[in-house]
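Trainee: I would like to go through the terms used for this model and see what each one rests on.
Mentor: Then ask about them one at a time.

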Number of protein chains: 4
Amino acid sequence: MNSSIRVAVNGYGVIGKRVADAVRLQDDMILTGVADVVTDYRIQAVLERGISLYAATPEALSAMRGAGLSPAGTLDELVAASDLVVDCTPKRVAAGNRERYLAAGRKAIFQGGESHELTGFSFIASLNYADAIGRDLVRVVSCNTTALGRVVGALHRAGLVRHARAVLFRRGTDAWESHLNAPLNTVVPETRTPSHQGPDLQTILPELDIVTMAARGPFDLGHVHFTMVETSRPVAVDEVLSVLRDAPRVAFVRSDDGIAAQNSIVELMRDLGRPRGDLWEVAIWEDALAVRPDGGEIYLVYHVPNEAIVIPETIDAIRGMAGFEPDAARSMARTDASLGIRRRFGAMPRPAEATSA
Amino acid sequence: MNSSIRVAVNGYGVIGKRVADAVRLQDDMILTGVADVVTDYRIQAVLERGISLYAATPEALSAMRGAGLSPAGTLDELVAASDLVVDCTPKRVAAGNRERYLAAGRKAIFQGGESHELTGFSFIASLNYADAIGRDLVRVVSCNTTALGRVVGALHRAGLVRHARAVLFRRGTDAWESHLNAPLNTVVPETRTPSHQGPDLQTILPELDIVTMAARGPFDLGHVHFTMVETSRPVAVDEVLSVLRDAPRVAFVRSDDGIAAQNSIVELMRDLGRPRGDLWEVAIWEDALAVRPDGGEIYLVYHVPNEAIVIPETIDAIRGMAGFEPDAARSMARTDASLGIRRRFGAMPRPAEATSA
Amino acid sequence: MNSSIRVAVNGYGVIGKRVADAVRLQDDMILTGVADVVTDYRIQAVLERGISLYAATPEALSAMRGAGLSPAGTLDELVAASDLVVDCTPKRVAAGNRERYLAAGRKAIFQGGESHELTGFSFIASLNYADAIGRDLVRVVSCNTTALGRVVGALHRAGLVRHARAVLFRRGTDAWESHLNAPLNTVVPETRTPSHQGPDLQTILPELDIVTMAARGPFDLGHVHFTMVETSRPVAVDEVLSVLRDAPRVAFVRSDDGIAAQNSIVELMRDLGRPRGDLWEVAIWEDALAVRPDGGEIYLVYHVPNEAIVIPETIDAIRGMAGFEPDAARSMARTDASLGIRRRFGAMPRPAEATSA
Amino acid sequence: MNSSIRVAVNGYGVIGKRVADAVRLQDDMILTGVADVVTDYRIQAVLERGISLYAATPEALSAMRGAGLSPAGTLDELVAASDLVVDCTPKRVAAGNRERYLAAGRKAIFQGGESHELTGFSFIASLNYADAIGRDLVRVVSCNTTALGRVVGALHRAGLVRHARAVLFRRGTDAWESHLNAPLNTVVPETRTPSHQGPDLQTILPELDIVTMAARGPFDLGHVHFTMVETSRPVAVDEVLSVLRDAPRVAFVRSDDGIAAQNSIVELMRDLGRPRGDLWEVAIWEDALAVRPDGGEIYLVYHVPNEAIVIPETIDAIRGMAGFEPDAARSMARTDASLGIRRRFGAMPRPAEATSA
């Protein structure tokens, strides 16, 4: 490999477009191009950013040429010109691409919609960066699993978790397609109980005792988790806050600072000039955080920004797989600096005042 | 008291109008009238049902007369003509009425929005009917607490509960006023953690170990609870199903029977000819019910119909307070028969197939 | 034909189940049964009402038997046992059934989702009842076209319309399936401009000059029309009110009576004990009705209850096709009496106070 | 005045924060500071941008100091240090500030929520820039009126409008406060018919014949207008497109390019890197634009971005009032260049294919 890793993005959707932008912010990566099958407005951002556009299928090649989009070539050509492919195609498509990348001798990252078995390795930067080093195939876990990994995983690494439970209120649809297949004025419970996110995190932390339940609702700004962590020993709120303040990509917000709901968080990200109004951090409501009087259980509520949360993990996965940076903390620090990741949002950073239950 | 208890309803809103209708279905009760302060479309149902309308305030008396509504009198007159008042007025109003009822020598029921201290006694029919007998003041607990009481309380009475946890996804507003102050496309977490519903149930079951978390969301069909019950001894799914099948005012639905979300439940209630499409039962998704492989925890998802769930409890409270029926089961059976309460909904009643986790 | 017309309903969905119930309320009709393909919770109402259930396809016959639903037979058997079939199947299915009904020598009614050409005759009771008499095939037009026909058609029959324009805010989905494919937090404009509803009404009133535009939004309680009627001569508000008060199946509501939005209307229907909370009338906001100072244009806002509005039209179509009642007004009066159709809703029927612009 | 006009922003809400950012992009303006009364998360963007924060009231001064926000001074001090104040305070507050600004000898701009009478002059840059030159008080009209002015006003200036009608489907709430007082699953019609936006535009174009109707719905991404323009002479689609292509701050989108709804527009703005994902242009659906076959009426559907549409007008108002630029086109060109305003969005700019009705 060169001094910069050449990265292709296959699938320019919710995740793919954010990965492409983030790759371009890294000084050790080069974005070789993006591949897709559509020819509509979603491609405008590719063109205006001066990113090379490739056709993911022969049909797309014809369609793109017909639409005057001047594709730079085919997916195979893009793969050949790259060291690593971040596959951000839809569920049914991605698994079929595995052999294509391997046959071309290229590394590949898949997203959390794919099965653990597709790569044999699932990834959250703060939990198992070292194991990704030099790997050919990595799966960056889903937004919900990533959030659980950052929060519950951090408490687990601090030796505080005996058993964790989480209820996930999932967004009903992605905002860009919320005119199509959203729920309206109804909650749709998941009938697979426990839901798959707990076991999914155990592909990374097999020793972690965790169970999750889930439902979808009529909103599209992100998920919200209600997490109850039985502790392995009595803890105080301050210790929990201390662990979470050190946890990578976790940021505090406060309801009494006006950040009372998901829309407040999104508004603040827009105000702070974040690209697309994105939040890459898990946003924990500090003033909803509580510990049972006997110290035996921690109660947490946090917002999971499903569009952007896995972007920093994907960047670290690229760096680790390329073998460019052996140290997890240094890779995460580079990634976080490039994106401007923070520990706290709001006008009034204050000492912890989280209530004891 | 007479052979029929004379019942007044003060406040003809979401709860009050349903209480009034249910009272009229009982053969041991007489609805003396309803009192309210409004003069708009909400009063049409009072008039068309031939219910006597009273003015809850002097101003309302004038306004009603001005609007040609021919009120039968004042609240004090209604109280005087009744043995018991069911107070369904808004939060800030109800507490102030306590002395009025007592001074008139009348019994009174308050709703769950009021504090336990207002009456010193909180009520769920299946849990403490006997203690309501002959009482002057009773508080029927809120919709969420009632649901927890029916479900978790039943498991508790069966000796199965070591510790219960529930996450409550609350409706954002009442449907009749959803044009006013609803949330839109956002989740609003409650910052009081744990939320008050757990302790509220402990006013009835002080020995029950339970904790709740809560949030509001952009929907108005009811609440959804995700409940995790650590068991006091290993249990199997069948035992849980058996206990809940016997639990009063709990009914099973199945997602694989097409009842996949809250709106499906509401549609079925409309199809079954229920008044206002009401559901009085807690609707448990049978095919989402699961037990941990070691039998140590039960996972439950259920829909809480916030408009109607407390109606049967209120009827039982009236009957108990009047001393007309000493036996809880017999009172509940009368109430349930009058309303048509059921154990299961759907086209295909089947043997339990709930999954083991 | 007998003294009662034997009516079958094919397709027990939003429209079909309401048609079935309404047929059973008529003293000159007999419901022979309903046919469908599903075996899930939607069938519970069929069973509990004691309606004969038929399988619409061979596969459905097997599935129903397998589910223990005891179907009474096949669709062909149901058709054979009936004089007339009301086809309420989905769009792609209905057109294919035309030949089946004709081959069996049976009359048939199709819904507004089908093309005018399928039957060659489109129907709104108040506009062309006489032309339906004795017909074999009738199409009851869609909810939006029916509403336009009742309102604009009534003004047209009164000689008041020079040119009508309407903007239709359509509900995003049917409530029973609002967990599936609704829009969320977005408005989806129709790009066919003008939209098809204007021309659709012209299949009944070819001489009417009308144009419509449309969009879908994130709500499921019904549609709202904003209608602007250029008048053929100067009119006053009182004359407009007078015409609309006489228009069949049009009812007034008032925002200053508390009926400020669609949800208020639905709440009132629930309170009034309407089955399924249904509204069969177009609900015109009386206090939003206005006329331009020069009398040259009428401005109207009304709620269109998409689930139930076509039910009375369907009943009249059946009666007319059967030749049982030659007079439109008498048929409509019978239908309206059976359903309890009204001219006004709210607590305070008042003399017209609609504003002059 | 100096070579740069010193601009203060009073009220750092939806409009104020965008005005502040836009002022800082102009090379002939200096942002002296912003004043507000809140101390919560909404102030974080002020602090991080290095904008001077002033307290709008004595109470706010204390609160800001108490919160450690280090306000630069009071509103009076901010006004004194500025040549012009853009008042973006809420409705009830703004009118009361008029005398304060005049007494201090400062020019002031008010927003469209205020009455025309407050300033005696209402403003849309493309319609009456010249009349704003040198004025002390200007009212930038509301988002809806601005959109009507840009679109219908452009057609009017081209001599094409005989009579215009528009139905406005208004957003239910501002996104940042959508957890507070939104409508949910309901449409709320405005009972003032015609609604005020038509007359409001006539404060700028008194000779324009226009009427509007309006309703609010459960969405927060912006408004949608359905506009029907009777023409003064027969026109073809191409002429309409030509006029609107030249109209300032109007941009075309196409549904067949994937921009099928409001959320698609917002997604594209985010993808294009617009600050806050803002749209300053009216977005007209090109493939929904139609003309009646006889050329007598134009049909238009467009999205009105209520948060940002008035920002360019406000900048032009500042420049005109300061007397820095006598020419409307040159001022608008400067403003538009600073913001990056466009004529078209989407991947496939194509020749007009709008349908003829």
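Trainee: How many residues does the contact take from chain A and from chain B?
Mentor: The contact takes 34 residues from chain A and 34 residues from chain B, where two residues are in contact if their C-beta atoms, placed from the backbone, lie within 7 Å. The model is predicted: local features need pLDDT of at least 70 and side-chain atom pairs pLDDT 80 or more, while totals for chains, interfaces and linings use all residues. Residues are numbered from 1 along each chain as its sequence is written, and chains are lettered from A and ligands numbered from 1 in the order in which they are written.

Trainee: Why are helix 1 and helix 12 of chain A called oblique to each other?
Mentor: Helix 1 (residues 14-24) and helix 12 (residues 310-322) of chain A pack at an angle of about 55 degrees, with their axes 10 Å apart. Angles under 35 degrees count as roughly parallel, over 145 as roughly antiparallel, 65 to 115 as roughly perpendicular and the rest as oblique. Helix 1 and helix 12 of chain A are therefore oblique.

Trainee: Which residues meet there?
Mentor: A:I15, A:R18, A:V19 and A:A22 in helix 1 of chain A meet A:V310, A:I311, A:T314 and A:I315 in helix 12 of chain A. By class, this contact has 6 nonpolar, 1 polar and 1 charged.

Trainee: What makes A:R6 buried or exposed?
Mentor: A residue is buried if 20 or more other C-beta atoms lie within 10 Å of its own, exposed if 12 or fewer, and partly exposed in between. A:R6 has 20 other C-beta atoms within 10 Å, so A:R6 is buried. A:R6 lies in strand 1 (residues 5-10) of chain A. Among the residues that A:R6 touches are A:I30, A:T32 and A:D83.

Terms used:
Axes are lines fitted to C-alpha atoms, for helices over the stretch in contact, and angles run from 0 to 180 degrees between N-to-C directions. Helices (H or I, at least four residues) and strands (E, at least two) are DSSP runs, numbered from the N terminus. Ala, Val, Leu, Ile, Met, Phe, Trp, Tyr, Cys and Pro count as nonpolar, Asp, Glu, Lys and Arg as charged, and the others, Gly among them, as polar. Lists of a residue's contacts leave out its neighbours within four places in sequence.
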